[in-house]
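Hello,

Here is the structure you were expecting. My notes come after it.

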Amino acid sequence: MAMLGSALVFGLTTLFLLTGLSCLFSALLVPAEIGPEKRFEKRLEYSIFTLVGLVGFGVLMVIG
C-alpha cells in the first residue's frame, strides 16, 4: 500500500509540474493576431493555471 501512495504522489507531482510548465509556455506564446483584450484574457487564464500547477508542485514536493 505504501508503494501505491508513493506512486500516486510521484504521478501527481509530475502532472502538476508538466501542467505548470506547459501553461507557462502557452501564456508566453499567445498569438498576436487576436485582439489585445482577448490576448489579455488568454494570458491571465494561462497565468492562473501556471500558478496553480507550480504551487501544487511545490506543495507535493514538500509533502512527498
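Below is what was found, from the overall form down to single residues.

Please keep in mind that this is a predicted model.

Overall form. The protein chain has two helices and zero strands. Its radius of gyration is 15 Å, well over the 11 Å that the globule rule gives for 64 residues, so the chain is more spread out than a compact globule. Along the principal axes, the C-alpha atoms fill a box of roughly 50 × 15 × 10 Å. Of the contacts between residues at least 6 apart in sequence, 57% join residues at least 24 apart.

Surface. Buried residues make up 14% of the 64 in the protein chain. The chain exposes about 4900 Å², and 78% of that is supplied by carbon and sulfur atoms. One nonpolar surface patch covers about 580 Å² and is made by Leu 21, Leu 24, Phe 25, Leu 28, Leu 29 and Leu 54. Helix α1, residues 2-28, gives the largest share of this patch, with four residues.

Leu 28, a member of the patch, lies in helix α1. Leu 28 counts as exposed because its relative accessible area is 57%, and the cut-off for exposed is over 50%. Thr 13 is also placed in helix α1. Thr 13 has a relative accessible area of 9%, so it is buried; the limit for buried is under 20%. Leaving out residues up to four places away in sequence, Thr 13 touches Phe 57, Leu 60 and Met 61.

Regards

Methods: Residues are numbered from 1 along each chain as its sequence is written. This is a predicted model: local features need pLDDT of at least 70, side-chain atom pairs count only at pLDDT 80 or more; totals for chains, interfaces and linings use all residues. Side-chain values use heavy atoms; hydrogens and water are left out. Patches are made of residues with over 30% relative accessible area and no salt bridge: like charges are joined within 9 Å, nonpolar side chains (Val, Leu, Ile, Met, Phe, Trp, Tyr) within 5 Å. Accessible areas come from the Shrake-Rupley method with a 1.4 Å probe; for residues, only the protein chains shown count as cover. A salt bridge is a side-chain nitrogen of Lys or Arg within 4 Å of a carboxyl oxygen of Asp or Glu. Buried means under 20% relative accessible area, exposed over 50%, partly exposed in between (1.4 Å probe, protein chains only). Contact means heavy atoms within 4.5 Å. The radius of gyration is taken over C-alpha atoms; the globule rule is 2.2 Å times the number of residues to the power 0.38.
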